[in-house]
Amino acid sequence: MFRTLRGRIFLNGLAILILGLGIAGFFFWRAVEAMYVQTEAENLLAQAELTAAAYNNNNQPLPAVPAESYSQVSNVMPGIHTRLLGTEGTVLIGLPLASDSPAVQMPPAEGNALITPDELSKRPEIQSARNGIAATFVRTVTAGNRRVLYAAAPIRDASGEVSGLAYLAMPLPGNGLPAGFTLQLVGAGLVAVILALAVGFLLARQITTPVSALAKGASNVSHGDLTQTVSVNSQIDELDNLADTFNYMVASLQKSNQAQNAFVADVAHELRTPLTVIKGTIETLEDGAMDDLAGRGPLLESMQKETDRLIRLVNNLLVLTRADAGMLKLHLQPLNLTDLVRQRCDRLLPLAIGRNITFDIQSANHSLVRADEDRLAQVLDNLLDNAIRYSPEGGKIIITITPDGSNWCCAVSDSGPGIPPEHLPFIFDRFYRVETSRRRQGGEAGLGLSIARSLIQAQGGLILAENTPGGGATFVIRLPASDDCPEAAGLLTSN
Ligand code: ADP
């Protein structure tokens, strides 16, 4: 119970509730009690004034002294205790008088509870009444350890002088409020607690149900079930967002799982072709071709070609996985992009000349980028090789190098057929080839562009492909300019 989320929320809520109710209840109780005492004081004062009025102007003559001393003890008994006092604080009449209502006898005065007239006349309410102003006072009577409310009102003779006092006393309830009142307050408090507990329970359930669903989903995913989605509609933004994020994460895992499976399948497929060729060749050689000096040459050559292809494939895969893991060793340095492009074009010139294709390099003078020379050369080779491969005989490849803010862009446009628009979004995916047939125009396993993207991204740049409006495909590389590079002048040269 204490270790569960629901238990914790519930107990925390309960603790806050008890504390809140306790504090609020305390102040509420005090306020109600003060109101109650004030109302009772006003009532008692009115009664005292009424009693005094009965004796005003000697309507009824005040009895003559000697009189009794004031006894506190009777004041703690329930009801209103009325006395008539002389101005000196002596008790002239204790009401109810035994003769008026024989059933209500005053308890005998106790020695320690007797107040002398002198002490009595020092009481503030009595002093106020002697000065002609009716007053009330609350004090605790030690004899019964009870709070008693007092009200004193002046009695005036015909000349208007204060000739005596009506002095009323009434015990207040032991716990500050009458029992009925207390019961109602406690009842209301209990109802509030029960309601708050019910609401707290519902709230705790509202929070814990989605959390439990998420925990179950996560457990299923950890056991390999990637079809899990959690449906949460808790009306709590954070929990709903968490569920959405969880579902998104599962979908991503599913996608990456599928991609990984597809990758492994593609790798296996690409490996199988050269291995089958090599195996077939070995079998042919074993069947006697080995002894045929003239015939074994092409066989060995084909084996060599397939082995080279295998090595290239494995190397490419190595580059990709290293780039994925962020483990590519790069030697980033200021590099003149134009110079490198010229160098790569020169290297591929024999291939281009063979198909009567020309290069047109349009470039600004100081195209300094921050890049790894070998890796950038590998990317340029791939783009230029593709451009030559896809351009028709006598075609033209235009390479434009332009500044772009704090970057340099290198666009390679060919005069080939371009890339069908539906294939454009996937052109950089691994093993992706537009041609469905395996008999492509040369080329590799569909890894060239994905390697190019990985290498360019590892160098802090980006690469994209588009179709040139006039026909042909354009591949654009964007790389950060080197810090040593003065802002490009934008002057284009052509060769
Ligand atoms: P590969 O290494 O097998 O050539 P790439 O990753 O370099 O694969 O290219 C992937 C696909 O993109 C190719 O199959 C080809 O269809 C398409 N492609 C690449 N370059 C061009 C281009 N210049 N013009 C038209 N299509 C291209």
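Predicted model: local features only at pLDDT ≥ 70, side-chain atom pairs only at ≥ 80, totals over all residues.
Is E33 buried or exposed? I looked up its relative accessibility, which is 17%, so E33 counts as buried. The cut-offs I used: buried is under 20% relative accessible area, exposed is over 50%, and partly exposed lies in between (1.4 Å probe, protein chains only).

Residues are numbered from 1 along each chain as its sequence is written, and side-chain values use heavy atoms, with hydrogens and water left out.

Next I checked salt bridges. Side chains of opposite charge can pair when their charged atoms come close. The rule wants a side-chain nitrogen of Lys or Arg within 4 Å of a carboxyl oxygen of Asp or Glu. I found 13 salt bridges by this rule.

E33 pairs with R147, with 3.1 Å between the closest N and O atoms. E33 sits in helix α1 and R147 in strand β6 (residues 146-156), so the pair ties together parts 114 residues apart in sequence. Helices (H or I, at least four residues) and strands (E, at least two) are DSSP runs, numbered from the N terminus. R147 is partly exposed, at 31% relative accessibility.

I then looked at E283 and K279, whose side chains form a salt bridge at 2.8 Å, N to O. Both lie in helix α5 (residues 237-286), four residues apart, about one turn of the helix. K279 is exposed, at 52% relative accessible area, whereas E283 is partly exposed, at 36%.
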